[in-house]
Amino acid sequence: MANIDVAVAIPSMSQPYSKSDSLNQSSAPPIICWFRQDLRLNDQPAWRAACETSLRTGQAVLPIYILDDAAAGEWAMGAASRVWLYHALKKLNESLGGNLMVFCGAAGDILLQLAQTYAATHVFWNRCYEPWRIARDEKIKENLRFQTSAKIESLNGSLLWEPWEVKKADGSYYKVFTAFYRRGCLAAPAPRAPLPAPKLPMFFEATHEPPIDQKPHTYAPVKLADLQLLPRAPRWDLAMMSIWNVGEHAAHKKLQDFINHGLAGYREGRNFLALDQTSKLSPHLHFGEISPHQIWAALADVTDEKLGPDLDCYQSELGWREFAHSLLYQFPELPAIPLNKKFMRMEWVEPEPEMLTRWQHGETGYPLVDAGMRELWATGYMHNRVRMVVASFLVKGLRYHWRVGEDWFWDCLVDADLANNAASWQWVAGCGADAAPYFRIFNPQLQAEKFDAKNAYINRWAPQSHKIKPMIDHAASRDAALTAYKKL
Ligand SMILES: Cc1cc2nc3c(=O)[nH]c(=O)nc-3n(C[C@H](O)[C@H](O)[C@H](O)COP(=O)(O)OP(=O)(O)OC[C@H]3O[C@@H](n4cnc5c(N)ncnc54)[C@H](O)[C@@H]3O)c2cc1C
C-alpha cells in the first residue's frame, strides 16, 4: 500500500502545569468548564471559551467531570466504556496538570452547588445529543440562570453540523442517508476549522474557603478510583486495554497513522477483515479525545488526487455518524422504538438464555459470527462488517428483538454510542431510516468466504468454532425470518 506520509498536527500537550503556578492562585470567583464527551484540550470550544475568558479577566478555571449514572437511567455507560472513561479521565487530568475535579452524582445539583459556593461567573460546556442529556442540560441551564448570576454557555464540540442545521428546503428533516449527506451536509456551510489550542490558564483550587457563606457542602470531589469504573475481578480490562492507547495524543497519532498507511485503498479495504484498514477512531470520537473537525481538516490537507474515492468514502463514514445523531435528535425514542412503526407488530422470538449466551460468547458454530463476538469480548471493538453479520444473525437468524443485541453491544463496546448503536441496530433489523431491506440477510459463511478468504480473522479470534455444531440452520432460519418479515 502506498505510503503517502501526510503530516497531521499532533497537538502538543507539553505545556506542563507547574504546581508553583498555583502560588498566583486567585481566590476570585472561578470559571467552570464542565468536561463531558469532549475529553481533550485542543479544538474544545468550551475549554477554549473558559481559557479565553480567564485570559481576559485574570480569573482561574475550575475543570470538572461528573459521572451522573442516575440521570442516564438505562443508558448509563456500559462496562467496557467505563474502562475507557477511566483511562481517558486519567489522561485528561495529566494534561490539566492534575487539576481535573471529578464528581459523582446529580450533575444539576453538583453544578449548582459549585456555582453558588464559589460564585462562579461562567459555566461552559459542549453539547451532547442523547435525549436524556438534552432534557437534563436544559433544566440545568434554567436552574443555574435562575439561581446564580453565572453566564451559562453551551457550544458545539462534537458534530460537524448541528442536527437542526441540516434540513430539507421545506424545513423537514432528512430520513435517507445519501440525501442527508450529499444534499444536506455537503451543501451546507463547511465545518469550522479546528480552533487553535489555548494557553493553559490558572487553575482554581476548589478547596479555597468559599468567598461567601453558603450551604454546607453536599458533594465533595472524589478520586478517580472512587468512581469504580474498572472491574474488580476478573480484571478483563487489562487484556482489553492492552491493545488501545487512550487519550488525545494517542487519538491524533492514530489519525496520522491512518492517513499515512490506511487511507489509500480504504474504500475497498475497509471491508476485508484481515487488512485492519479502518481508522479505529470510534472510541476516541465517542469520548471526544479528537473532534470530527480535526479529522475533517486533516483529510482536507490530503492532496493526492488518486486518493479521492478513498477520502470521499471515509468522509461519508463520518457522515453516517452525523446522520445517526440527526436521527436521534429527530426521534429521541430511536434506542427503544422502531422508526418504522410497522415493526411494532413484528413477532420476535423470546430469547432462550442458553441460546443467547452462545451468541454473546461466540459459540454459535458459525465461525465468522463467533470470531466477531470474541473480538468484541476481548477488545471492546468489532469490525464494522462483522457487526453487521452478527447483528443480522441475532435479528434475522435467531429472530431476537434488535434491542437484545443493542444492549449487549452497549455493555461490551468501548465505542458504545447511543446514536450510532441504535441507528445501526435499526438499520440491520430493517426498521430504521434508510435501513437494509428486510430480505437482506447476511449469510455468515458467504461473508467469510468473501471478506476473510484465508480465514485470517476467524483463525485469530475463533479457531475452534468450526468444531461447534451450528446452533441454527441458516437456510431454515432465513425462510422463517422472511415469512415473519413478509407478514408485516
Ligand atoms: C450493529 C452495529 C452497531 C454499531 N454500534 C456502534 C456504536 O455503538 N458506536 C459507533 O461508533 N459505531 C457503531 N457502529 C458503526 C461502525 O461499526 C463503527 O463506527 C466502526 O466499526 C468503527 O470503526 P472505525 O473507527 O475503524 O471506523 P472507520 O471505518 O474508520 O470510520 C470512521 C468513523 O466513522 C464513523 N462511522 C463509521 N461507520 C459508521 C456507522 N455505520 N454509523 C455511524 N458512524 C459510523 C465512526 O465514528 C468511525 O470511527 C455500529 C455498527 C453496527 C452494524
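What radius of gyration would a compact globule with 488 residues have, and what does the protein chain have? I started there, keeping in mind that this is a predicted model. A compact globule would come out near 23 Å, and the protein chain has 24 Å, which agrees.

Next I looked up the box. Along the principal axes, the C-alpha atoms fill roughly 70 × 55 × 50 Å. I also checked burial: 48% of the 488 residues are buried.

Then I went through the secondary structure and got 20 helices and five strands. For contacts between residues at least 6 apart in sequence, I noted that 82% join residues at least 24 apart.

On to domains. I wrote down domain 1 (21–157), domain 2 (159–195 + 249–330) and domain 3 (341–487). The centres of domain 2 and domain 3 are 25 Å apart, taken over C-alpha atoms. Where these two touch, I found 17 residues of domain 2 in contact with 20 residues of domain 3. On the domain 2 side, α10 and α12 each supply at least two residues, and α12 gives the most, with five. I sorted that side by class into nine nonpolar, five polar and three charged residues.

Definitions and conventions
Residues numbered from 1 in each chain as written. Predicted model: local features only at pLDDT ≥ 70, side-chain atom pairs only at ≥ 80, totals over all residues. Helix = DSSP H or I, 4+ residues; strand = E, 2+ residues; numbered from the N terminus. Rg over C-alpha atoms; globule rule 2.2 N^0.38 Å. Buried ≥ 20, exposed ≤ 12 C-beta atoms within 10 Å, placed from the backbone. Contact = placed C-beta atoms within 7 Å. Domains from an automatic or database assignment. Nonpolar A, V, L, I, M, F, W, Y, C, P; charged D, E, K, R; others polar.
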